[in-house]
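Okay, thanks for having me, everyone.

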Amino acid sequence: MKKNFLWFSLKVVLVMFLAGSLLYLYATELTPEDKKQFIEVDEMIGDGETVTKKIPTIEDPCAVKANAKEEAIKYVKQYRIKPESYPYKKAKTTLSEIKTKKFDDIEHLSTIIELSLYNWACKNNYKLHNTRSQGIYFFKKDAGKGIFISIKADGFFTKEGLTKGIAELPLDTRGPMGDTYYLYILITKLNPEPNEKSGNELNENAKKILNEILNFSYSWGMDYYTTVIKEADKK
């Protein structure tokens with residue numbers, strides 16, 4: 001009788017343990033939404049008013065921006081661009097500058113690089129990272145290396161690991177302090193050896209990426225501004 005009772009008690013404890021374990025696993029199982037991490041950012045909506053939005057810390061750039069033609073059509077519709085407007089004239093000026101690859105206004109080059117980076121990053125399997133204090137940057141791991149791409153004020157760039165290569169292109173000046181902004185390409189070793197030092201052996205690799213981005217931006221800009229002009233001329 002005592003043995004039966006002990007065996008019964010043991011089964012009850014075992015069943016309760018299994019049930020509790022299953023309940024714990026179910027309660028802590030993350031949904032796709034739970035697995036995402038978000039940050040809160042303030043966004044201007046006009047007249048000095050801001051709203052706080054939640055955005056993912058990591059995004060697929062392919063899902064953030066459409067291709068050049070689609071973005072141009074959206075831009076013309078949203079801002080109702082007309083042939084006599086400043087954006088239309090800017091489109092024509094920028095288009096002629098792209099053809100000669102000589103920019104009288106460096107802000108025009110800054111614009112096409114900044115806008116086209118999403119499509120370039122999409123094509124080359126980078127991820128878009130959003131931060132509260134450092135703005136955005138594009139990142140990809142490649143054979144133990146980290147490749148960071150950003151447009152930041154002089155000397156400010158995002159990185160993780162030990163610097164092994166860097167390339168930079170001066171762009172326009174902006175912000176209340178009139179800082180010069182740069183297109184930065186930074187290549188790092190993500191898991192360096194103890195006492196390993198930074199180096200410049202990958203500078204040429206970084207320069208190659210920078211030139212790829214620049215050439216891509218010219219092609220992207222041609223498509224974008226040609227479409228802006230065509231769409232505005234329809235109005």
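**A buried serine, and what surrounds it**

Let me begin with Ser 150, which counts as buried, at 4% relative accessibility. Keep in mind throughout that this is a predicted model. Ser 150 sits in strand S6. Leaving out neighbours within four places in sequence, what does Ser 150 touch? The list runs Ile 136, Tyr 137, Phe 157, Thr 158, Tyr 182, Leu 183 and Tyr 184.

Now look at Ile 149. With neighbours within four places in sequence set aside again, Ile 149 is in contact with Leu 117, Trp 120, Tyr 126, Tyr 137, Phe 138, Leu 183, Tyr 184, Ile 185, Ile 209 and Ile 213. Tyr 137, Leu 183 and Tyr 184 turn up among the contacts of Ser 150 and also among those of Ile 149.

That brings us to the core. The largest nonpolar core counts 43 residues, and Ile 149 is among those with the most contacts inside it, along with Ile 113, Leu 183, Ile 185, Ile 209 and Ile 213. Which elements put in two or more residues? They are the helices H4 (68-79), H5 (86-100), H6 (106-123) and H7 (203-233), plus the strands S6 (145-153), S7 (162-174) and S8 (179-189). H7 gives the most, with twelve residues. As background, nonpolar side chains in soluble globular proteins tend to be buried together.

Okay, on to H5. This helix has 15 residues and reaches 21 Å from first C-alpha to last, close to the 21 Å expected at 1.5 Å a residue. Its buried residues are Tyr 88, Lys 90, Ala 91, Thr 94, Leu 95, Glu 97 and Ile 98, and those pack against H6 and H7.

How do H5 and H7 cross? Their axes come within 9 Å, at an angle of roughly 145°, and the crossing is left-handed. On the H5 side the contact is made by Tyr 88, Lys 90, Ala 91, Lys 92, Thr 94, Leu 95, Ile 98 and Lys 99. H7 brings Tyr 218, Gly 221, Met 222, Tyr 225, Thr 226, Val 228, Ile 229, Ala 232 and Asp 233. By type, that contact divides into ten nonpolar, three polar and four charged residues.

Back to phi for a minute. Most residues other than glycine have a negative phi. Here we've got a couple of asparagines to look at. Asn 125, in the loop between H6 and strand S4 (127-130), has a positive phi of about 65°. Asn 195 has a positive phi too, near 70°, and is found in the loop between S8 and H7. Buried or exposed, then, for Asn 125? Asn 125 is exposed, because its relative accessible area of 61% is over the 50% cut-off. Asn 195 is exposed as well, at 78%.

Last stop, Thr 50, in strand S2 (residues 49-56). Thr 50 comes out as partly exposed because its relative accessible area is 42%, and the cut-offs for that class are 20% and 50%. Neighbours within four places aside, its contacts are Glu 43, Met 44 and Ile 45. So that's the tour; over to you.

Methods: Residues numbered from 1 in each chain as written. Predicted model: local features only at pLDDT ≥ 70, side-chain atom pairs only at ≥ 80, totals over all residues. Heavy atoms only, no water. Core = buried A, V, L, I, M, F, W, Y, C linked by side-chain atoms within 4.5 Å. Buried < 20%, exposed > 50% of the residue type's maximum accessible area, 1.4 Å probe, protein only. Helix = DSSP H or I, 4+ residues; strand = E, 2+ residues; numbered from the N terminus. Contact = heavy atoms within 4.5 Å. Expected span 1.5 Å × (residues − 1). Axes fitted to C-alpha atoms, helices over the stretch in contact; angles between N-to-C directions. Left-handed = near helix turned anticlockwise from the far one by under 90°. Nonpolar A, V, L, I, M, F, W, Y, C, P; charged D, E, K, R; others polar.
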